[in-house]
Amino acid sequence: MLFRSYNRGTYYNKNFNLELIALNEKQRLLLISPFTQASEALPYLKEARKQAPSDILPWLSAGRYRFGLIDAINLEKVRAEKSYDAYESYLHTAYPEAFQ
């Protein structure tokens with residue numbers, strides 16, 4: 001998985017966990033953790049989003065993946081609903097500067 005290589009090369013002093021979560025037939029989440037709060041995760045998200053098309057996911061068209069952040073409580077809700085869509089709408093409202 002190229003996120004593992006990206007994390008080792010870019011964030012060599014951190015130990016990230018990667019978990020692939022199948023929500024439904026069309027949506028899967030790649031959960032990268034741990035981040036203790038959104039202010040810690042947002043710089044990672046911003047940089048990974050920039051690197052994804054060329055270095056992390058070059059074979060996958062940009063329309064086939066999205067970036068987001070989620071806490072444990074909302075992750076359980078998303079798992080129960082088996083969809084990321086409603087939560088993604090919330091992210092666009094809560095963090096407009098990061099999710100435009």
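Predicted model: local features only at pLDDT ≥ 70, side-chain atom pairs only at ≥ 80, totals over all residues.
The core provides the setting. The largest nonpolar core comprises 27 residues. Within that core, the residues with the most contacts are F3, L29, Y44, A48, I56, F67 and Y84. Two or more residues are contributed by each of α1 (2-10), β1 (17-22), β2 (28-33), α2 (38-56), α3 and α4. The largest share, six residues, is supplied by α2.

Apart from its neighbours within four places in sequence, Y84 is in contact with L23, Q27, L29, R66, G68, L69, V78 and L91. One of these partners, L29, is itself among the residues with the most contacts inside the core, and another, L91, is a buried residue of α4.

Helix α4 spans residues 85-94, and its buried residues are Y87, E88 and L91. Viewed down the axis of α4, these buried residues fall within an arc of 100°, and they therefore line one face of the helix. An α-helix has 3.6 residues a turn, so residues three or four places apart point the same way. The buried residues of α4 pack against α3 (72-81). On the face turned away from this buried side, α4 carries the exposed residues A86 and T93.

Attention now turns to E88, a residue of helix α4. E88 counts as buried because its relative accessibility is 14%, under the 20% cut-off. The side chain of E88 is joined to that of R66 by a polar contact of 3.1 Å. R66 is also one of the residues in contact with Y84.

Terms used: Residues numbered from 1 in each chain as written. Heavy atoms only, no water. Buried < 20%, exposed > 50% of the residue type's maximum accessible area, 1.4 Å probe, protein only. Helix = DSSP H or I, 4+ residues; strand = E, 2+ residues; numbered from the N terminus. Arc of directions from axis to C-beta. Contact = heavy atoms within 4.5 Å. Core = buried A, V, L, I, M, F, W, Y, C linked by side-chain atoms within 4.5 Å. Polar contact = N/O pair within 3.5 Å; in protein donor to acceptor, adjacent residues only side chain to side chain.
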